[in-house]
Amino acid sequence: DPQNVGDALVAVVKVSSGTLSVSSVSGGGVSSWARLEAYKDGAHDTELWLGTVISTGSSTLSVKFSGPASGDDVDLVAQEFTAHLGAGTVWTTDKASGQSNASSTSVKFPSLVAASSGELYFGYARSANTISRGSTPGFTYVFTADANLVTYDTDTSSTAAPQASVSPASTSGAVAALLEASAGSSPAPTVTSISPTSGPAS
């Protein structure tokens with residue numbers, strides 16, 4: 001459940017289908033979701049979506065596809081990130097990419113170059129065989145419910161190219177994005193009440 005207004009909520013949706021795609025994402029305490037990347041590699045559609053939290057507490061994330069997905073495997077992941085800039089934080093995309101990896105024991109995430117310091121790198125990789133966490137410095141690796149892998153670094157300032165491993169050797173696919181956070185403009189103060197409402201002018 002979302003913890004802080006102004007945080008980024010990054011969602012991954014992977015559907016094992018060569019024809020389906022994500023039509024929309026809703027919920028999660030977010031009013032508007034934006035697609036960061038959609039990568040198709042034949043038998044899978046893997047997408048990254050970004051939303052900014054406007055309400056906290058219990059919330060459900062809903063995904064609509066371009067057609068029925070009842071017989072297809074779906075992997076859905078959502079991760080919240082804070083920039084400690086408050087409720088007016090503005091999140092923008094620096095870069096995003098997807099790629100297919102040839103059969104190997106290495107799982108490579110897209111190599112992305114940060115335009116500025118302190119960017120958030122978020123990536124997701126899937127494979128038919130068993131993936132293991134990588135050891136790229138600065139990166140955290142988290143398994144999904146489908147035993148696929150999410151990785152992120154909240155302080156990317158140069159080229160980011162994390163890797164993981166898979167056994168036995170297998171093809172794999174991955175998507176990633178670099179996000180920037182900035183402090184949004186504060187609204188002008190408004191008068192909601194005056195007390196006292198009458199009396200002598202000074």
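## Overall architecture

From the N terminus on, the elements of this protein run β-β-β-β-β-β-β-β-β-β-β-β-β-β. The protein therefore has 14 strands and zero helices, where strands (E, at least two residues) and helices (H or I, at least four) are DSSP runs numbered from the N terminus. Along its principal axes, the C-alpha trace spans about 85 × 40 × 20 Å.

The model is predicted: local features need pLDDT of at least 70, and side-chain atom pairs count only at pLDDT 80 or more, whereas totals for chains, interfaces and linings use all residues. Residues are numbered from 1 along each chain as its sequence is written, and side-chain values use heavy atoms, with hydrogens and water left out.

## Burial and contacts

Of the 202 residues in the protein, 39% are buried, that is, under 20% relative accessible area with a 1.4 Å probe, protein chains only. Among contacts (heavy atoms within 4.5 Å) with a separation of 6 or more, 77% join residues 24 or more positions apart.

## The largest pocket

A pocket is an open set of points on a 1 Å grid where a 1.4 Å probe fits, with protein on both sides within 12 Å along at least five of seven lines; its lining residues have an atom within 4 Å of a point. The largest pocket holds about 200 Å³ of space.

Its lining comprises 14 residues, and Thr82, Ala83, Trp91, Gly118 and Thr154 lie nearest the centre. Strands β9 (119–127) and β14 (163–183) each supply at least two lining residues; β14 gives the most, with three.

Technical notes:
Grid points are joined across faces, edges and corners, and a volume is the space filled by probe spheres set on the points. Buried means under 20% relative accessible area, exposed over 50%, partly exposed in between (1.4 Å probe, protein chains only).
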